[in-house]
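Open your viewer and get ready to select a few residues as we go. Here is a short tour of what to pick next and what you will find there.

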Amino acid sequence: MSDAVVIGSGPNGLVAANLLADAGWQVTVLEAQDEPGGAVRSDRGVHPDFVSDVFSAFYPLAAASPVIGGLGLDRYGLRWSHAPQVLAHPLPDGRCAVLDRDRQATARSLEGFGAGDGQAWLELCEGWDRVGGPVLDALFTPFPPVRSGAVLAARVRAAGGLRFAREMLLPVRRLGEEKFTGEGGRVLLAGNALHADLAPEAAGSGGFGWLMSMLGQSHGFPVPVGGAGALTDALVARLRERGGSVHCGRQVTEVVVRNGKALGVRTADGEAVRARHAVLADVSASQLYGELIGADHLPSRVHDDLRRFAWDFATFKVDWALEGPVPWTAPEAAGAGTVHLADGVDALTRFAAQLSTGQVPDHPFLLFGQMTTADPSRSPAGTESAWAYTHVPQEVRGDAGGDRITGRWDKGEQEAMADRMEEQVERYAPGFRDRIRARRLLAPPTLQAADANLHRGAINGGTASLHQQLVFRPVPGTARPETPVRGLFLASASAHPGGGVHGAPGSNAARAALRARGPVNRAAVAAQRVLTGRRG
């Protein structure tokens, strides 16, 4: 019998398992898929000579996370690599905004869009210098962040107090208009806000766009050398060194509850796996409360609230093996690991509006990854391992384009959506399609089949909108990882602080489990078993 059972081997589950193992707990991780990692995996499924990241690819939050950083994963083979530039946003007229880890280089790029915009960017960076550390400390600790919150409050007062707080709550369109006279700085902020499901007019999108931009400025958008799977490999190796185990192909179908306490889990083949102290669930809130726990073990309000739980946008992704580099019209885009493709902030607003009304966008906003540019080990010299993803509605009610996509996502609809995305790339890189050696399509149901947490292709565990953050995540009053069932903790991106590969939900759940039970003196437990003749 293990001290803890962790459901799911995504980054949050593996972080939780590692921290429990550090405290002396015996930990068993059960994973439904045939390999660990959740949405942090890589393969050679597009072409045998090309490494492709199946889901997530760039990891600014992991680079900034004290949770990930504190695990010392470099000792288990994890190495990071950076593209020459962090991010580029080319525009149809040939201009290109570039985010570089050198803030002066970013400022020079933006100054070309409007007089004074370079200085405006440096002022945003100065704000980050004052409050960035406390922001990350508060973000990655359990809610409410009492100690880190007090430090953050003091730093915010020094950074402008209510004026700074107001800026963080602004829609990103308004923030960009207040800060910049030209389009360059505005599209950098707005494009980064749409890494979540935050439209340019959404309250708080300014703060998220600023956060992602400043992470790129201070930490870059790094990638693991050799593929995203290297991060998972390091987490698994560290856990196994501490006596933990990961079992793949073991789908959990039930959390076993008796007298209000989680005693373990039951798998699809009927096996009961017991836990002495805790069960930690790196699964979506909907799956945990709607499928794994019987309704009789939960207050009725939980199911009432879950009916209002909002997912983030669905996702459609294409992976490519390219014969050569992308032929960008704007040469500045060639050195960027991430490229945003949209005609400007107005195009981003139009894109988000189509999604909100259930329409498949006709000119999708693309997040485009140049992986060989970021890590030369990904494909042969002179080629490019690339991908792009865009968002589509969770429930398709129509197609703003001319392909009559209905959301069935059969082969014909997948091909039509992929072609639409390639046409968008062609607008900024004529001749792109001539360089495609192979491609792979990942529609919303494909993503969910490969990782149940990616509900219909949602990649953030639920919307990042203000109404489902902090004390409202995943439902009102449940900002902490504790659940109504004793010994059961929510450890996924459905919990505070939400999506992204940073490990905070897993860390928070592990801390809560340890507070509830305390660290285990493994030597004392072993000695007691010898004296009493017990096993397990």
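**First stop: a tryptophan and its neighbours**

Leaving aside residues up to four places away in sequence, Trp210 touches Leu124, Gly127, Trp128, Val131, Phe164, Met168 and Leu189.

Now widen the view to the core around this residue. Trp210 belongs to the largest nonpolar core, a set of 53 residues. Along with Phe58, Trp121 and Leu215, Trp210 is among those with the most contacts inside that core. Which helix gives the most to this core? Colour α5 to see the answer: α5 supplies eight residues.

For a second, separate core, select Ala4, Tyr59, Ala278 and Ala510. These are included in a set of 37 residues.

**Next stop: two helices**

Show α4 (residues 103-111) together with α5 (residues 117-139). Their axes lie 7 Å apart, and the helices pack at an angle of about 145 degrees. The crossing of α4 past α5 is right-handed. On the α4 side, pick Arg103, Gln104, Thr106, Ala107, Leu110 and Glu111; on the α5 side, the contact residues include Trp121, Leu122, Cys125 and Glu126. Sorted by class, this contact has five nonpolar, four polar and five charged residues.

**Last stop: confidence**

Colour the chain by pLDDT. The average is 92, and 93% of the residues score at least 70. Then select residues 527-536, where the pLDDT is below 50. Beyond near neighbours in sequence, this stretch has seven contacts in the model. Where pLDDT is low, predicted coordinates should not be read in detail.

Note on methods. Residues numbered from 1 in each chain as written. Predicted model: local features only at pLDDT ≥ 70, side-chain atom pairs only at ≥ 80, totals over all residues. Heavy atoms only, no water. Axes fitted to C-alpha atoms, helices over the stretch in contact; angles between N-to-C directions. Helix = DSSP H or I, 4+ residues; strand = E, 2+ residues; numbered from the N terminus. Left-handed = near helix turned anticlockwise from the far one by under 90°. Contact = heavy atoms within 4.5 Å. Nonpolar A, V, L, I, M, F, W, Y, C, P; charged D, E, K, R; others polar. Core = buried A, V, L, I, M, F, W, Y, C linked by side-chain atoms within 4.5 Å. Buried < 20%, exposed > 50% of the residue type's maximum accessible area, 1.4 Å probe, protein only. pLDDT = per-residue confidence, 0-100.
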